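User: Please take a close look at one hairpin in this model. Then set it beside the other parts that can be described.

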Amino acid sequence: MVELNCFGETCPKPVIRAMKALQEPGSAGAVRVLVDNTVAVENLKRLAASKQGAVSVAEVQGGWAVEISGVSEADAEWPSGEEAALAEAGIACPAPEATRQQVTVFVGSRALGQGSPELGDILIKGLVYAMAQAEEPPHRIVFFNDGAALTCEGSPLVDDVRELERRGCEVLTCGTCLDFHGLRDRLAVGGVTNLYAISEFVLGTDKVVTL
């Protein structure tokens with residue numbers, strides 16, 4: 001019997017390793033597979049049934065030991081290839097959950113877009129409010145250039161930016177920009193960052209959106 005430690009491995013890897021082990025001359029048609037998820041347990045049971053073998057499942061520390069035995073040399077073969085063998089055994093692997101890419105938003109102006117400044121003020125306030133209320137707010141929001149004023153005392157966006165921060169969004173304002181505009185002492189929400197950190201944000205793994 002061949003023993004396989006498949007802790008930490010996801011579908012269909014434990015099944016594929018078990019199929020390959022059953023083909024080894026020293027396996028004698030038997031394999032014991034250690035797994036840590038119920039999907040692997042059920043799929044190994046399906047594999048045993050498709051190979052006309054016996055199967056037993058026992059709880060062990062950290063998971064389960066699935067023992068397949070009595071598989072003949074002929075049944076252990078899978079000449080049609082890996083995918084066909086998995087399909088024949090009825091192996092079902094859940095689709096991986098989609099992971100949402102984290103987003104860093106850069107705000108470089110007091111207003112959103114070109115044209116009417118009054119309209120731009122309305123739009124930037126509405127957009128920041130919408131992000132603060134979104135099911136998944138941005139990972140990070142960075143205010144720079146004229147946008148630095150939006151995180152300072154007197155800004156109509158302060159409450160919405162505070163809500164973003166409360167919900168886990170990292171709020172940062174460019175220190176050079178605050179100093180240029182004489183606003184450092186008036187910062188009302190979030191922290192101060194620098195161009196070295198900003199360059200890391202731009203070159204990092206987050207999706208970058210500039211307003």
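Analyst: Glu59 has Trp64 in strand E4 as its bridge partner. This is a predicted model. The pair belongs to the antiparallel pairing of strand E3 (residues 54-60) with strand E4 (residues 63-69), which are joined by seven bridges. Two residues lie between the strands of this hairpin, and Gly62 takes a positive phi near 90 degrees.

The parallel case is found in another sheet. Five strands form an open sheet with parallel pairing, in the order E8-E7-E6-E5-E9. Strand E8 (191-193) and strand E9 (207-210) are the edge strands, and each pairs on one side only. On average, neighbouring strands of this sheet are turned by 25 degrees against each other, direction ignored. Within the sheet, strand E5 (residues 103-107) pairs with E9 in the parallel sense over four bridges. Val105 stands opposite Val209 of E9. In general, strands of a sheet pair through backbone hydrogen bonds, in either a parallel or an antiparallel way.

Two helices complete the account. Helix H1 (residues 13-22) has seven of its ten residues buried, so it is largely enclosed by the rest of the structure. The buried residues in H1 are Pro14, Val15, Ile16, Ala18, Met19, Ala21 and Leu22. Helix H5 (residues 117-133) holds Leu119. Leu119 forms a nonpolar surface patch with Ile122 and Leu123, and together they have about 280 Å² of accessible area. In an α-helix, residues three or four places apart point the same way, because there are 3.6 residues a turn.

How values were computed: Residues numbered from 1 in each chain as written. Predicted model: local features only at pLDDT ≥ 70, side-chain atom pairs only at ≥ 80, totals over all residues. Heavy atoms only, no water. Pairing = 2+ DSSP bridges. Buried < 20%, exposed > 50% of the residue type's maximum accessible area, 1.4 Å probe, protein only. Patch = residues over 30% accessible without salt bridge, like charges linked within 9 Å, V, L, I, M, F, W, Y side chains within 5 Å. Areas by Shrake-Rupley, 256 points an atom, 1.4 Å probe, with all protein chains shown as cover. Salt bridge = Lys/Arg side-chain N within 4 Å of Asp/Glu carboxyl O. Axes fitted to C-alpha atoms, helices over the stretch in contact; angles between N-to-C directions.
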